[in-house]
Structures are given as structure tokens and as C-alpha cells.
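My notes follow, in the order I looked things up.

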Amino acid sequence: MQRLSAEQPVARAPLDATARVVYGRHMATKIQVVFYSMYGHVHRMAEAIAAGAREVADTEVGLSQVPELVPDAALEKTGAKAAREAFAHVPVAKPAQLAEADAILFGTPTRFGNMAAQMRNFLDQTGGLWAKGGLVGKVGSVFLSTATQHGGQETTATSFYNTLLHHGMIIVGVPYSCQALNTMDEIIGGGPYGAGTLAGGDGKRQPSAIELGIARFQGRHVAEIAAKLHR
Ligand SMILES: Cc1cc2nc3c(=O)[nH]c(=O)nc-3n(C[C@H](O)[C@H](O)[C@H](O)COP(=O)(O)O)c2cc1C
């Protein structure tokens, strides 16, 4: 059997800017969108992120959610159990799957200005990956939901970045070439740190068209960068 050594050249004959051909095989850029959502806002943003990533040629986009930690009875009391049924079909993420990705976009609601415990718990199971350098050089990006306009989207994103940096990931946000970031005629979530939505104190506000547009932009932007880096 012929063994492939590190010295063997990788065929570089991309069909377009994002295509990859390795040893004659066409390799798609692998994008994972991994989220936690209690009431569905982050899930809707995750779908827009995934749709944006799919706009880039030769991408394989996977959507998964981290495991719930809150007991069913507590979820029932707050209406979260019913809300979560809308995205119960989304597969549950396993830490090891992150090693397969070229880029990972993490979505979380804010909890006291930080990521949700469910996401923290998931990330705290990536010690084995960290030890192997399993995520080094992959693109990492964050998107968010808060109840209120100044409830901590930026602190949630930037504190999330600490973990991504420990993993050696390359952080990508949303550049101001996304014109929607300059919106002044309505209240919106999101910024250069990542797309975001404002759920409202009662959770009734749904992601607006502008917020979903920024999420779509972020998904596409991350996929384009990942494709260039991993060509
Ligand atoms: C324990 C707890 C802490 C929260 N902390 C904040 C906060 O610091 N700032 C804020 O604006 N919203 C806060 N929220 C509201 C959530 O961020 C909001 O429910 C979430 O963004 C909705 O997203 P989801 O529908 O995807 O769960 C908090 C909610 C809970 C349950």
C-alpha cells in the first residue's frame, strides 16, 4: 500500500476560489454551527448562520446543539420545554466532532454577561482536544442572544474568545463591510464581535430581518475565510 508522507505534494488545482483538491479528491470546507438555545432565539440565528455558510461553494455545513443541563421540571415551568421542541430534531453535539471542522461558529444566549452554562459545560469537555492541539488553526466565531440591548452581547463574545484562544483558534467576527451593522433607525443586536439578537425581557421579540441578515453575513464570511485558510 502506498503511504502518503508529509513531503508528498498536495495537488493545487482549485476549480474556483473555494474549492480544494487533495490527492485528487475534492475536499469540501467543513463548517460546524454549534449552539445552545433555551427559547429558540439562538436556534433561529444558527439557521441563518448556516444558510450564510452554505452560500459559499464547496462547503459542508453541520448544525448541532450542545446538551441541555436543566432538569425537565424546571424547563416545563418556564415554558422552555415547549419552546425547545421546535428544534429537538437538531442533533446533539459531541466534543470530539469539533476536530473534523475547518471552522466552528458557536451560538449562545447570554447568562449574566457570559456564555450559558450548557455551552461552558460542552467546552469544558474539550480538554482532550486541547491537549492534542485538535482545534489549532481552525476558525472560531461567536453569535449571541440577550434579553436587553445592553445586556452583555459584547462581554459574552469577548469572554468566549478566551476559550477559543486557548484552543489556538483564529477568531473571526463581523467586519463593518456588513453594512447592516451601521443601522440606526431601529434597535438591533449584534456587532463586530458577532451577530446577535435581542429577545426582550419576556422573550417575545424574535430575531429581526436585519439581525438574521447579519447572522447570514457572518456565516458566509467565516466560510469564505475558512475556505481560503484550508485550501
Ligand atoms: C439565568 C439567566 C441569566 C441571564 N442573563 C442575561 C444577561 O446578563 N443579559 C441579558 O440581556 N439577558 C440575560 N438573560 C436572558 C437570556 O439571554 C435570553 O433568555 C436569551 O438570550 C434568549 O435566547 P434563547 O431563546 O436562544 O434561549 C438571562 C437569562 C437567564 C435565564
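**Overall.** I started with a tally and found 7 helices and 9 strands in the protein. Helices here are DSSP runs of H or I with at least four residues, strands are runs of E with at least two, and both are numbered from the N terminus. I keep in mind that this is a predicted model, where local features need pLDDT of at least 70, side-chain atom pairs count only at pLDDT 80 or more, and totals for chains, interfaces and linings use all residues. Residue numbers run from 1 along each chain as its sequence is written.

I then checked burial: 42% of the 231 residues are buried. Buried means 20 or more other C-beta atoms within 10 Å of the residue's own, exposed means 12 or fewer, and partly exposed lies in between, with C-beta atoms placed from the backbone.

**Helix 1 and helix 7.** Next I looked at how helix 1 (residues 41-54) meets helix 7 (residues 209-229): their axes come within 6 Å and cross at roughly 45 degrees. The axes are lines fitted to C-alpha atoms over the stretch in contact, and angles run from 0 to 180 degrees between N-to-C directions. Helix 1 is therefore oblique to helix 7; under 35 degrees would count as roughly parallel, over 145 as roughly antiparallel, and 65 to 115 as roughly perpendicular, with the rest oblique.

On the helix 1 side, I listed Met45 and Ala48 among the residues in contact, and on the helix 7 side Leu212 and Phe217 are among their partners. Contact means C-beta atoms, placed from the backbone, within 7 Å.

**Around the ligand.** How many residues surround the ligand? I got 19, the closest being Tyr39, Pro109, Ser145, Thr146 and Gly151. A residue counts as near when its C-beta atom, placed from the backbone, lies within 6 Å. Helix 1, strand 5 (103-111) and strand 7 (139-146) each give two or more residues to this shell, and strand 5 gives the most, with 3.

Most residues other than glycine have a negative phi, so I noted the exceptions. Asp58, in the loop between helix 1 and strand 4 (59-65), has a positive phi near 60 degrees. Phe112 sits in the loop between strand 5 and strand 6 (114-115), and its phi is positive too, at about 50 degrees.

Are these two residues buried or exposed? Asp58 is partly exposed, because it has 18 C-beta neighbours inside 10 Å. Phe112 is exposed, with 9 other C-beta atoms within 10 Å.

Key. Two residues are in contact if their C-beta atoms, placed from the backbone, lie within 7 Å.
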